[in-house]
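I opened my notebook to record, entry by entry, what I looked up in this structure.

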Amino acid sequence: MKKLAYDLVVIGGGPAGLASALEARRNGVKKILICERAPYLGGILNQCIHNGFGLSYFKEELTGPEYAERFITEVEKSDIDVKLGTMVLEITEDKQIIAVNRKDGMFAVDTKAAILAMGCRERTRGAITIPGERPAGIMTAGAAQNYVNLEGYIPGKEVVILGSGDIGLIMARRLTLEGVNVKGVLEVMPYSTGLVRNRVQCLDDFGIPLLLSHTITEIHGKDRVEGVTIAKVDERIQPIAGTEQYVSCDTLLLSVGLIPENELTNKLGCEMDQVTKGPVVNEKRITNIPWVFAAGNVLHVHDLVDNVTQEAEIAGKAAAALITGKMNKEEKIVAVTHDKNIGYVVPQHFDALNNQDKVVKFFLRVKNPDEDIKLVVKDNANKELLSLKKSIVEPGTMITFNLPRQFVTKDTSSIDISIAREQAE
Amino acid sequence: MEEKKLICIGCPKGCSITIKHTGKTINEITGYNCDNGLKYAENEFIEPKRIVTTTVKLKAGTLPFVPVKTREAVNKEKIFEVMKVISKLELESPVKVGDVVIPNIAGTGVDLVCTRSIKKVS
């Protein structure tokens, strides 16, 4: 088996992998390898041909391929090595990455650190168990996006979309532009799970109906989808008898959530967060294995690539500190807890005494939509460290905030984040 | 005075904006959080515009299609006209990000440009 040696191996050449590799390079790491499964860099951005990327990172509006190309060009100009069409099979405890591709066969890379940047994948029909036949014409919204935008195939003529995730909304517009009859988007929850702007410019603009609190109870058609039975659901998400309706269609797209792709992480034995489905990390995005970092959708599913890039730069910078011997040993772990109105918080803990960064950046999601809320951060002595007000919060839109380091003292052992509706004064 | 509510699409925040107007005259705009939001609300009231993104066939490229966009937003009413022009196009590879595919597409005054660099098959 061929053997290679690098200072840093980045697994995944999408937005997280590209940004973390570049940031590690800028911070003095000399030998970097990016392993990418696809035949090109850029990851899922290549099929996200719509605009809306880069507003916060580049302060201009770009399409997915344009956003990716800025980082790809940087990587190509640098001395970062890239192996395309390369599948990483295993990360071993003794700092070795085992991978395979057509040119090198199976090979091993000795490394000083690894950044996990494998992204996420879509939940499929199997994950949501819709009863009925098993005909052709059922696919995830992302698969349809690949067919339409990269391969140039239209998946059908009459489409129903289940789930109001962003990819589903984007595909409703995309297919409408290509002449497909998009009959509607069904969402089982009483609110849309995609970004508000996508509801407006992908559905409202084209008069595509969004049916909230609706689901599919049966798929019809032996060889090809012929139609679906839709029904209203009650507050326990159970279909209400008597509300069934038949809708004819030849294609059903599913946009029912994304799951971080963590097979390698699990096999390596990283501690996992049961809510994010990604590894547990500290503020430098280090997992419980001190030379393994994680960033982007492999860690938790983001709604904006700009946030992925920012997070990847945190991981890249920290990996560089480890490799160049500038990393402070973690001395005092502060646990991060949250109340029941919050779905999850990343990072799950941080180092109280690390003084390399002035702030700790937090990403969190609320469990339910709410208005006029106040987010409060308290320490273990019940002292309020920080509070911020938000007029609208929803699970589909991630909240980020910075906790200044100076608020954390040597007596801080944990912080708790809570969200409550503001009391009228 | 009449009132029109809209949701800003300028960025993923999705601010709820209220426009108070008398006929076609704007009296007051509230609810926006940045200059882009104010501009969006004004434009959305006077002439709603969108950036159109799609793909164009590519000859002898390493990929069969190249993604494209209208460099600026075009009148919402013109979207399907723009799509019709694009459906008949075919480009020679290689292409580079920002290459103009067709100037002033469908009389919108806006250029259609490539959004990905794709090499020629060697």
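I began with the hairpin: in chain A, strand 8 is joined to strand 9 through three residues. Strands, like helices, are DSSP runs numbered from the N terminus (strands E, at least two residues; helices H or I, at least four). Strand 8 (residues 96-101) and strand 9 of chain A run antiparallel and are joined by six bridges, and I found Asp110(A) in strand 9 as the bridge partner of Gln96(A). Two strands count as paired if DSSP finds at least two bridges between them.

I noted that the model is predicted, with local features needing pLDDT of at least 70 and side-chain atom pairs counting only at pLDDT 80 or more, while totals for chains, interfaces and linings use all residues. Residues are numbered from 1 along each chain as its sequence is written, and chains are lettered from A and ligands numbered from 1 in the order in which they are written.

Next I followed strand 9 (residues 105-110) of chain A to strand 1 (residues 2-5) of chain A, with which it pairs in the parallel sense over four bridges; there Lys3(A) has Ala108(A) as its bridge partner.

I then turned to helix 8 of chain A, where 15 of the 19 residues are buried (20 or more other C-beta atoms, placed from the backbone, within 10 Å of the residue's own). After this helix comes Gly325(A), with a positive phi near 75°.

Last, I looked up the contacts between chains, and found 21 residues of chain B in contact with 22 residues of chain A, contact being C-beta atoms, placed from the backbone, within 7 Å.

Technical notes: A residue is buried if 20 or more other C-beta atoms lie within 10 Å of its own, exposed if 12 or fewer, and partly exposed in between; C-beta atoms are placed from the backbone. Two residues are in contact if their C-beta atoms, placed from the backbone, lie within 7 Å.
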